[in-house]
Amino acid sequence: MSQYPIKAALGQSGEIKFSKLAHEFTKIPALRANLTNATGTIRNKRASVVSEVSNWQTMRTRAAMIKDDSLANLDDLIKTLIQSVQERGGQVHFAHDARSANEIIVGIAKSHNFTEAIKVKSITTDEIGVNDALAKAGIKAQETDLAELIVQLAGEMPSHILVPAIHKNRDEIAELFSSTISKTKLENSPAILAEAARVYLREKFLSVPFGISGANFAVADSGSIAIVESEGNGRMCLTLPDVLVTVMGIEKVIKSFQDVPLFMELLARSSTGERMNPYTTIFHGVTPGDGPQEFHLVLLDNNRSSILSDPVSFETLRCIRCSACLNVCPVYERASGFSYGSVYQGPIGAILVPQLLGPEQAGSLAFASTLCGACYEVCPVKINIPRILTYLRSRANEANTSKSQRRAFAVASVVMSNPKLLRTAYAGVGFGNDLAAKIPKKLIDAIPLMNKWTKSRGIPSSRRINKISGKEK
Ligand code: SF4
C-alpha cells in the first residue's frame, strides 16, 4: 500500500487543507530528497538554456500579450476554431463541466463498443477524472507516458504537472515495475526500466483503437491541434487509433499559426530545459486513409469562464503548463505536490485550483507560498502569481471568516480607531498578561485556543505592552 494519496479528479477529495497535508508530507525524508534532487536538476537546465536567449524578456512580454489578446477575444476565436475543425472533418463538443466532458467521452467510446483507451499525458483529463469515468463504464484507460504509467501502476496521485512521478526514485520504480508489468525482477537502470515499459505499451499501441489526449495549443484559423511530449508515446496515440478524442481547456486557443513557434520555444526551455521539444505533433481534423478517421474535440469550460471575467486573476489563464514555477518554488520543494491535494500543484496550482473550485474548498492553497516572487520571474507568460495569490487570500479570508470573527474584527476596528479606548485596552491586556505570567506555562499551554499563541511564543509583560502603546519609552 502506497504512502501517497490515490489519484482523484479535481474537487473529489473534499476540502483541501494545505497546511495539514504539508505537515504530513514533510515528514517523509525520501520524498524530500527525491524532490530536491529532481527540481534542482531541472532548474539548473532551464537556467542554462534560458541564458542563451538574448531576447528572452521580450519573448515573455510578447507571449503574455498574445495570450491576453486571445483571452480578450475568446468567444470569436472559439467560433473560428469550431468552424475550422468541422471543415477539416472533426467534430466539436462543448463541456460545461467535468461531468459533461466525461459523459461525452464515455458516450463516444460506448458508441463504438470500445473496452480500452490509450492516453497521451494530459492534466486536463486528470482534472475531469476521465479514467474513473471510463472505468465505471467498463472501459480501461491506459496511460502511456512513462511517468503517468508509473503513477497509474502505483495507484497514486501525480505530484508534479510535468513529471507526475517526480516523487519516486529509480529503486522505487524498479520495484514497482518488477511487481506489475514485468515477470522478472528488474535492475534500477533507466535503460532496463524504459525497455520494460516499452514492451508493455507497444502491444497496447498496436491493438487499442481508441485514443485520448489533451492539447497544448489549438490554432483557431487553421483548426490545428498541437501536442508536445518527450517520448514518442503521444504520437503513437495520436496516429494509430481509429478514433481520437482531444480534451482541451477553452483557454488553450490562440489565433494564428504564426504564434506557435514563439510558444514552442518558451515552453521547451521553461519546462524540460531543452532547446527544442523532442516530439511535437500538429494535426488538423481527419485525413482520409491517414491517422484516426474520427476526431472529436471536447472544449472544456469547468469554471474557466468565471476566471476569465475577473479583472485581476484572469491572467491565470495564460498558463502554458510549463511547470517552471513548481521547480523554483521553495514551498513546493519542501511540501511536495501531494500537499496541494489536486492535479495542479505548486504556484500554478495555488492560484488555479482556488479559482476552479472556489475559496471554500481550496482557499488554503492561496496561502501555500512565501510570496518570494521566484515563480513570477520564471513564468514564460509573465503571470504575476504573487499578486494573484494575495488577491485570492483576501477572497479566501472573506469566504472563511465566521460571523463571530467578523464581530470581533468590527469591535477591534472601533477600539483601534479611538486612541483613548486603545490605551484602556492595552492597560487591560497588560494587567491580564501579568496575571497570566504568574500561572505555570504548562497550565496555560493546556488551554484550548490560548495554546495556539503560547506554544511557540511567550506572554508579553505589561512593560512591553506599555512600550508598544507608547506609554513608556
Ligand atoms: S504559471 Fe507560468 S511558470 Fe507556472 S506552469 Fe504556468 S506558464 Fe509555467
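**Aromatic pairs**

I searched the whole structure, a predicted model, for aromatic pairs and found 7. I counted rings of Phe, Tyr and Trp (its six-membered ring) as paired if their centres lie within 6.5 Å, with planes under 30 degrees apart taken as stacked, over 60 as edge-to-face and the rest as tilted.

I looked up tyrosine 4 and phenylalanine 338: the ring centres are 4.6 Å apart and the planes stand at 15°, so this pair is stacked. Tyrosine 4 lies in the segment before helix 1 (18-25) and phenylalanine 338 in the loop between helix 15 (330-335) and helix 16 (346-357), so the pair ties together parts that are 334 residues apart in sequence. Helices (H or I, at least four residues) and strands (E, at least two) are DSSP runs, numbered from the N terminus. I noted that tyrosine 4 and phenylalanine 338 are both buried, where buried means under 20% relative accessible area, exposed over 50% and partly exposed in between (1.4 Å probe, protein chains only). Ring pairs link Tyr4, Phe25 and Phe338 into a cluster.

Phenylalanine 217 belongs to strand 5 and phenylalanine 263 to helix 12, so the pair ties together parts 46 residues apart in sequence. Phenylalanine 217 is buried at a relative accessible area of 1%, and phenylalanine 263 is buried at 0%.

**Conventions**

I number residues from 1 along each chain as its sequence is written. For this predicted model, local features need pLDDT of at least 70, side-chain atom pairs count only at pLDDT 80 or more, totals for chains, interfaces and linings use all residues, and side-chain values use heavy atoms, with hydrogens and water left out.

I traced an open sheet of 4 strands in the order 8-5-6-9, with mixed pairing. Strand 8 and strand 9 (279-284) stand at the edges with a single partner strand each, so one side of each has no neighbour in the sheet. Two strands pair if DSSP finds at least two bridges between them; strand 5 (residues 217-219) and strand 8 run parallel and are joined by 2 bridges. Valine 219 stands opposite isoleucine 254 in strand 8.

**Aspartate 259**

I found aspartate 259 in the loop between strand 8 (253-254) and helix 12 (260-271). Aspartate 259 counts as buried because its relative accessibility is 13%. Leaving aside neighbours within four places in sequence, aspartate 259 is in contact (heavy atoms within 4.5 Å) with Arg62, Ile66 and Ile254. Aspartate 259 and arginine 62 are 197 residues apart in sequence and 9.7 Å apart in space, C-alpha to C-alpha.

**Helix 10**

I checked helix 10 (residues 190-207) for a bend and found a kink of about 25° centred on leucine 201, the bend being the angle between axes fitted to the seven residues ending there and the seven starting there. Its buried residues are Leu193, Ala196, Ala197, Leu201, Lys204 and Phe205. The buried residues of helix 10 pack against strand 2 (116-119), strand 3 (140-143), helix 8 (146-154), helix 9 (170-179) and helix 11 (233-239).

**Whole chain**

I counted 24 helices and 10 strands in the protein chain. Of its 473 residues, 51% count as buried.
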